[in-house]
Amino acid sequence: MPKQKKEKNMDLWESLPAAFCQTDEFFTIVKTSRFLRLLLHFPENKKEKLLLKDIFYSEEDFNKVKKLLEKKRTVGIKSFLITGDKQKIPVSVFSQPLKKEGEKGYVFYFLDISEKQKIKEELQRKIKDLQTFTEELKKSRTALLNILEDIEEARSLAEAERDKTVAIIENFPEGLAFFDSKNNLVSLNPRACCIISVSPDNLLNKPYKDIKNIVPFNIVKDVFSRKQPKFFKDEIKIDEETILEISAIPVKSAEEKVGTLVVLRDITREKIVEKLKTEFVSIAAHQLRTPLSAIKWSLKMVLDGDLGAISLEQRNFLEKTYQNNERMIRLINDLLNVTRIEEGRFLYDVKECDIIKLIEDVVVLEKTAAEQKKVKIIFKKPKIKLIKARVDREKIFLVFQNLIENAVRYSLPGGKVEVALVKTKKRPEIEVIVKDRGIGIPDKEKNRVFSKFFRGSNAVKTETEGTGLGLYIAKNIVNAHKGKIWFESKKNKGSVFYVTLPVK
Amino acid sequence: MEKTKILIIEDDKFLRELISHKITKEGFMVEEAADGEEGLEKIKKLKPNLILLDLILPGIDGFEVLKRLKEDISLSFIPVIILSNLGQREDIEKSLRLGAVDFLVKAHFTPDEIVSKIKNVLEKQNRS
């Protein structure tokens, strides 16, 4: 080669910023570019002959290249070179046989792909991260979808339940009004609106205090007070034709007050039926009195001698008949009283009454019968001169009359009946006590004493004339006055009956 | 002296006759009526000193008789004792409001007791 051309070639080998080399046919490196030497950290004055395989990191790769080249194929692979200080450099290896006259060998071009590789690795790492992240997201998504499904299901169930509840409330045959824990009216079903003739729009979401003047909400105000709310029930007539039963119940959920439920029942029809029944009994009773009066009068007239003299035997016989007739008359009176009590919880004529005078009147009335039996009635008057209470006088009269009558009736001859009246200090009420030392009430029978037609077994033996209705009537009257009646008794020792009545 | 005239307005025959018999024995003059219309007629005709009036009557009832009686100035002074087997407080109060002088439940009083009541009312009447 001419020296100039050789110098030009030398320049390229020295100045091209590319890593290439030339080998002979036995893969011994005969020439290297300066760039390759720099790349492989060769010391400048390395004089030993280098084998191509020495710069290949992987002998396998070298063999691969060798085989391809010997088959006269071109090479373009990725591999690694190894530097003088044992570093691994990723490269792209391009090679082909030398195309020169007279020389056999191969040319190799190594492209440093370490940057590329780094980027590639970085990318792969990032892709992997992304994949992991995507996987995580997918898992989260699945989990969320599951949760959503569960929620949907729960929501459906809740809705179905709610629809059921709403359907029940909407169709409930009684009126329902529900107040929440803050006493706002949150629900008013159609039946309630119908019963009290209001449009729900005017009342819904209003607090109780705004509607407490609307009948019938006015009577349940105690349930909304801050005191411990209790179950409340009462009857109220809201116009000429309608009677309502109104109940108010505080609603709790695990000891927390959740609200108040007010139930409105139209009991007009029930009341009418009750009234008709009572009227029927009333009329029947009065009809029965007519023949009883006839028997009474005619027997009395015979006993009085108006139809001529009668023998002693006849007299005794007729006396008994007369007494039996009297018994029937009393029974009818009791039946009439019972139906009157059941006729209504409304007391007929409630007024302020002097209770001391009331009891005195009863005692006076019962004194004659008591004296006949040689029983004394003692009324222990209270220290206070005047004790008043709001009562239906005629009915309360019946109560005390019944208690004193019983006490006398079931006392032994020569016995004593004590009546006392006390005004209790602790509560605003009065207490009436009727005490006797008579035949008493057997323990087994104590729980039936206030039932209709009940008479103690020992009472029946002593006095055949009782009807068994007196205490039943008395209890109903006392209850209607919101009072209490009870007793203590011991067979053959006597009984004490107590009645308390409120004095508001 | 003219006998005291008592009018009985009572629809039950037996009771009417019983009480009539008793009162006659006591020395009174007794007239009977079996219903309200007849009763009012006899009141106008007889002008009795006292009337025993039942409440449940065929046709017009005792309350109506009492009302009409008291509306007639020439008759309203006659004392009326209600003799009935009704005994509800409303009935008693209504009768007294309409002007009856007393209310006796037949089943609760003997004929003697009824005669006593009649005598009491007449006595009070004579005194005033």
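Student: What share of chain B is buried, and what makes a residue count as buried?
Tutor: Of the 128 residues in chain B, 34% are buried; the term applies if 20 or more other C-beta atoms lie within 10 Å of a residue's own, while 12 or fewer make it exposed and values in between partly exposed, with C-beta atoms placed from the backbone. This is a predicted model, in which local features need pLDDT of at least 70 and side-chain atom pairs count only at pLDDT 80 or more, whereas totals for chains, interfaces and linings use all residues. Residues are numbered from 1 along each chain as its sequence is written, and chains are lettered from A and ligands numbered from 1 in the order in which they are written.

Student: Which pattern does chain B follow along the sequence?
Tutor: The pattern is β-α-β-α-β-α-β-α-β-α, with five helices and five strands in chain B. Helices (H or I, at least four residues) and strands (E, at least two) are DSSP runs, numbered from the N terminus.

Student: What makes the strands of chain B an open sheet, and which are its edge strands?
Tutor: The five strands stand in the order β2-β1-β3-β4-β5 with parallel pairing. Pairing requires that DSSP find at least two bridges between two strands. β2 (29-33) and β5 (102-105) of chain B each pair on one side only, which identifies them as the edge strands. The twist averages 20° from one strand to the next; axes are lines fitted to C-alpha atoms, for helices over the stretch in contact, and angles run from 0 to 180 degrees between N-to-C directions.

Student: How many residues of chain B are in contact with chain A, and what makes a contact?
Tutor: 14 residues of chain B are in contact with 16 residues of chain A, a contact being two C-beta atoms, placed from the backbone, within 7 Å. On the side of chain B that touches chain A, α1 (13-25) and α5 (111-127) of chain B give two or more residues each. The largest share, five residues, comes from α1(B). By class this side has six nonpolar, two polar and six charged residues, where Ala, Val, Leu, Ile, Met, Phe, Trp, Tyr, Cys and Pro count as nonpolar, Asp, Glu, Lys and Arg as charged, and the others, Gly among them, as polar.

Student: Which residues have the most contacts inside the largest nonpolar core, and why is it called a core?
Tutor: They are A:F400 and A:I404, in a core of 36 residues. The name applies because its members are buried Ala, Val, Leu, Ile, Met, Phe, Trp, Tyr or Cys residues joined through C-beta atoms within 7 Å. α13 (393-409) of chain A is one of the elements that supply at least two residues, and the largest share of this core, seven residues, comes from α13(A). Leaving aside residues up to four places away in sequence, A:F400 touches A:L358, A:I359, A:V362 and A:V432. Apart from this core lies another, of 30 residues, including B:I8 and B:L66.

Student: Why do β13 (376-380) and β17 (484-490) of chain A stand at the edges of their sheet?
Tutor: Their open sheet has five strands in the order β13-β15-β16-β18-β17, and the pairing is mixed. β13(A) and β17(A) each have a single partner strand, so one side of each is left without a neighbour in the sheet. Here the twist averages 15° from one strand to the next. Within the sheet, eight bridges join β15(A) to β16(A), which run antiparallel, and A:V417 stands opposite A:D436 in β16(A). α13(A) lies across β13, β15, β16 and β18 of chain A, at about 20° to β16(A).

Student: How does the span of helix α4 (residues 59-70) of chain A compare with the expected value?
Tutor: α4(A) has twelve residues and reaches 16 Å from its first C-alpha to its last, close to the expected 16 Å; the expectation is 1.5 Å times one less than the number of residues. Just after α4(A), A:K72 takes a positive phi of about 65°.
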